[in-house]
Amino acid sequence: MDKRPHLYLVDGSAYIFRAYHRLPPLTNPVGTPVGAVFGYTTMLWKLAEDLHKADGPTHLAVILDKAGRSFRNDIYPEYKANRPPAPEDLVPQFPLIRDATRAFSLPCIEEAGLEADDLIASYARAAAAQGWDVTIVSSDKDLMQLVGPHDSGARIDMLDTMKNVRIFIAEVEEKFGVTPDKVGDVLALMGDAVDNVPGIRGIGPKTATKLIVEHGDLESALAAAPAMKASKLRENLIEQADMARLSRVLVALKEDAPLPLPLDAFKLGEIPPEPLAAFLAEHGFTSLLKRLDAGRGSPERTTQLHPAKTVTVSAAPTSGRTPPAPMPPIDHAAYACVQTVEALEAWIARAQSARVVAFDTETAALDAIGADLVGISLAVGPNEACYIPLGHRGGDMFAQVPQQIDKATALALLKPLLESDAVLKVGQNIKYDINVLARHGVNVAPVDDTMVISFDLDAGGGDDAIWGHGMDELAQRHLGHSCIAFKDVCGTGKKQISFAEVPLDRATAYAAEDADVTWRLHRVLKPRLSDEGATTIYERVDRPLVPVVAAMERAGILVDRERLAGLSQQFAEAIAALEAEIHALAGAPFTIGSPKQLGEILFDQMGLKGGKKGKSGQYSTDQSVLEKLSGEGVAIAGKVLEWRQLAKLRSTYTEALQAAISPVTGRVHTSYSLVGAQTGRLSSTEPNLQNIPIRTEIGRQIRDCFVAAPGNVILAADYSQIELRLAAHMADVPALKDAFAAGADIHAATAQELFGEVTRETRGRAKTINFAILYGISRWGLAPRLGVTPEEAQAMIDTYFARFPGIQRYIHDTLSTVRERGYSQTLFGRKCWFPRINAKNQAERQGSERAAINAPIQGTCADIIKRAMARMMPALEAAGLGHVRMLLQVHDELVFELPETDIEAASAVIRRVMEEAAGPAVAISVPLGVEIGHGISWGAAH
DNA sequence: GCATTCACG
DNA sequence: GACGTACGTGAATGCA
């Protein structure tokens with residue numbers, strides 16, 4: 001079976017305008033400006049590389065605008081009339097675009113009287129009609145009208161090569177709030193200043209979308225105008241209806257233009273290297289020329305990187321995704337150690353022209369906020385990597401300090417590269433490197449993170465053990481390579497040395513390998529995002545979050561050390577007193593903290609009733625067991641519970657938090673993991689600031705130790721019952737949705753439905769059952785929590801399902817999808833894999849089923865708050881509140897620090913951003929409630 | 001290194 | 001007749 005044809009239509013004219021503004025003003029050897037041409041050439045090169053991918057092009061054509069009038073000028077003379085002339089140094093580049101296209105031996109189409117958009121539309125429709133997939137290489141919003149599936153089974157999508165983003169229906173909806181077939185209607189209402197399409201005065205994108213969503217299309221919106229309440233909008237809609245209709249015609253694409261060349265003429269074959277080489281040489285594009293030459297000299301490498309002579313379409317496999325072509329094995333001897341400014345400048349130039357550079361920072365410790373920068377490694381291709389030592393010392397006080405570039409000098413040279421919009425920086429857990437470099441005044445952007453990409457592709461995956469996303473594991477899994485172990489370089493335990501003391505040859509092998517592996521992982525993993533439908537979650541949710549979370553970690557939070565120390569002392573005294581009491585009650589001293597000893601004391605020595613645990617043969621002494629005993633009047637049980645609470649609070653919180661205060665900033669900086677929870681939640685470590693006590697009065701005192709700087713307040717904003725709201729929406733449960741819409745107490749409303757009356761007792765039971773639903777319910781799980789028999793629990797579950805019928809359907813549909821596909825998805829498309837969903841072992845299988853029921857709900861909640869976080873600072877800045885600091889995220893809560901004078905203004909922005917965070921990608925049919933509080937401490941903010 | 005316990009959403 | 005139970009985390013502790 002042959003691969004289905006896939007036509008790429010390159011919007012050449014639009015591209016060079018963007019490239020011109022994005023790229024530096026390069027000139028060729030004879031002084032002609034060629035910056036935009038270089039960008040264009042690089043793009044074609046990249047597209048040619050995609051030949052290897054299953055969704056890469058089999059056919060390709062470049063479409064250009066022909067100078068002069070188009071048929072739209074006949075309809076509306078002012079069309080595009082207010083365009084300023086092209087910049088002086090862009091004009092001579094237009095003809096070079098044609099040269100570049102010819103150099104690749106690619107067809108180039110232009111037609112008088114037609115704009116590129118019309119030719120693209122006509123070709124796209126013609127190709128789709130005969131069952132070809134089509135990718136329009138452009139980001140022009142007018143062309144978004146074309147995106148979507150075709151009756152023939154083919155699909156038309158778009159590719160923005162500058163942002164490296166695929167645009168399909170979801171992305172169009174994200175931009176316009178409507179499906180692609182309605183984009184023309186929205187454009188007609190809002191008009192287009194650049195093209196001088198009039199639209200309707202006073203209507204921008206927001207109103208246009210709203211009108212089309214409400215009324216369905218342009219004519220219906222215009223027809224509905226007289227019935228609207230009197231307003232400027234109504235007046236304009238009525239008065240300028242004809243302008244809107246004219247605009248509708250102007251923005252419509254001509255989809256039936258005669259095709260100057262038949263589709264078959266666009267078939268891609270070998271790209272002859274000679275004309276390309278001549279063109280690259282003429283314009284001084286030496287980096288590309290070198291790659292082309294390298295390709296010609298070594299055919300194996302040619303096939304993986306270069307659009308040279310061995311590249312043929314027929315070589316593409318027939319179905320599925322093409323595995324990335326093999327890369328040469330890791331060769332540590334190929335790595336360079338950069339010790340002079342000249343060598344560094346050469347590497348920076350290579351990275352600039354490669355446009356993608358993997359990099360990694362080495363530090364003296366694992367603390368991004370405080371550790372010293374020891375070196376930086378870069379990679380621009382497989383085995384094309386270097387290490388730049390910056391802070392190495394001799395191994396001991398007598399050894400010589402190795403030759404290194406001065407740190408400040410090197411960073412000043414690297415800064416433009418690391419901050420350049422035109423160069424993508426790739427890292428493995430790049431949040432760490434962002435934070436290290438932020439301390440040196442370098443703001444790394446734009447970035448890709450191979451760890452996060454891996455997570456968005458494979459969360460929860462793996463056959464038995466859960467797959468990790470650490471570099472060593474990824475290298476093993478995707479590259480078949482075992483990385484040099486850190487402990488082989490620095491040792492372990494007492495003999496461990498700082499990376500700063502590692503000799504340069506070994507440091508180079510280790511550090512440059514990290515960058516090389518990261519570069520290779522990026523090459524393998526990034527294309528999978530679009531192949532496997534993970535682009536949206538990565539590009540719209542997780543990727544934008546990386547710098548945001550990095551900034552939160554750097555901000556840290558102030559804790560009151562003296563107050564913590566006071567609590568610690570208080571707890572210690574109480575613990576000592578309890579210890580004496582417990583030993584007296586037991587009749588002998590023992591280690592209270594040992595569940596094993598405690599179990600023997602309670603159940604063997606004292607002869608109390610209790611059960612053994614399966615595997616270890618040890619008595620269970622957890623809270624529920626001790627509470628039961630305590631309720632039966634066993635004094636020692638209550639004392640142990642009290643002892644455990646205080647011991648926990650002291651060791652995990654009051655002591656550990658004091659130790660966590662950074663000597664550099666005086667604040668506590670947690671580290672968030674973006675890949676820590678399979679559902680998409682963040683997790684927090686060192687210290688974990690997502691489990692600070694709040695549920696008991698005694699624990700709550702610890703929250704009071706998290707304070708605002710003088711003159712500031714802590715502001716906490718919580719989504720109220722968000723998981724239950726999302727469950728109501730996702731399972732489409734009218735009774736629950738109505739209750740939320742009415743602002744009711746949801747547990748009370750549930751109690752009313754289930755038990756016919758609301759008392760403290762029934763509300764409590766309803767709350768338990770509501771949670772049980774979110775977690776994947778079972779009669780045996782519910783029964784002990786309600787203190788009823790499994791049969792009684794089952795009866796309540798049945799009543800719940802009867803009253804809220806959507807729930808059972810949601811559970812059933814979710815499970816059958818997961819069984820079939822192997823993964824669940826959130827409303828935003830985040831996948832979570834469940835490899836054990838069809839396990840033979842019932843316990844294992846049922847465990848997976850419960851997790852699979854919960855994952856879309858918990859994950860959607862995570863997606864929503866992540867979107868809020870990514871939008872928060874821009875929204876605050878727009879309101880003149882850029883100094884507000886977002887400090888913490890606790891799953892459904894965001895914590896801020898701000899001057900007390902800004903409480904009101906900031907609250908309004910924060911509430912709006914959080915409430916609207918699902919849109920426009922997803923419309924939730926239940927309001928997302930946000931509760932905001934503030935005070936001098938985190939405790940006081942609740 | 002593993003099991004147990006318990007802090008949070 | 002089992003499974004021995006709610007979902008998702010991280011840290012401290014005791015013990016082999």
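A cavity is a set of grid points where a 1.4 Å probe fits but cannot get out, and its lining residues have an atom within 4 Å of a point. This briefing covers a predicted model. By that definition, the lining of the largest cavity draws at least three residues from each of domain 1 (1-169 + 257-316) and domain 2 (178-253). The whole structure holds 4 cavities of 30 Å³ or more.

**Domain layout**
- Chain A is split into four parts: domain 1 (1-169 + 257-316), domain 2 (178-253), domain 3 (332-525) and domain 4 (723-854).
- Taken over C-alpha atoms, the centres of domain 1 and domain 2 lie 32 Å apart.

**Largest cavity**
- The volume of the largest cavity is about 100 Å³.
- By class, the lining of the largest cavity has 6 nonpolar and 6 charged residues, with no polar ones.
- Both domain 1 and domain 2 supply at least three of the lining residues.

**Domain 1 and domain 2 interface**
- Contacts link 20 residues of domain 1 with 18 residues of domain 2.
- About 1700 Å² is buried between domain 1 and domain 2, and carbon and sulfur atoms give 58% of that area.
- On the domain 1 side, Tyr76, Lys141 and Gln145 lose the most area to domain 2.
- Together, these three account for 36% of what the domain 1 side buries.
- The count between the two domains is 1 salt bridge.
- Asp192 and Lys141 meet through their side chains in a salt bridge, at 2.8 Å from N to O.

**Second largest cavity**
- The second largest cavity has a volume of about 70 Å³.
- Its lining consists of Asp11, Ala14, Tyr15, Arg18, Val137, Ser138, Ser139, Leu159, Asp160, Thr161 and Met162.
- Helix H1 (12-22) and strand E6 (155-160) are the elements that give two or more residues to this lining.
- H1 provides the largest share, 3 residues.
- By class, the lining of the second largest cavity has 5 nonpolar, 3 polar and 3 charged residues.

Note on methods: Residues numbered from 1 in each chain as written. Chains lettered and ligands numbered in written order. Predicted model: local features only at pLDDT ≥ 70, side-chain atom pairs only at ≥ 80, totals over all residues. Heavy atoms only, no water. 1 Å grid on protein atoms, 1.4 Å probe; cavity = no way out; pocket = protein on both sides within 12 Å on 5 of 7 lines; lining within 4 Å. Points joined across faces, edges and corners; volume = space filled by probe spheres on them. Nonpolar A, V, L, I, M, F, W, Y, C, P; charged D, E, K, R; others polar. Domains from an automatic or database assignment. Helix = DSSP H or I, 4+ residues; strand = E, 2+ residues; numbered from the N terminus. Contact = heavy atoms within 4.5 Å. Buried area = accessible area lost by both parts, 1.4 Å probe. Salt bridge = Lys/Arg side-chain N within 4 Å of Asp/Glu carboxyl O.
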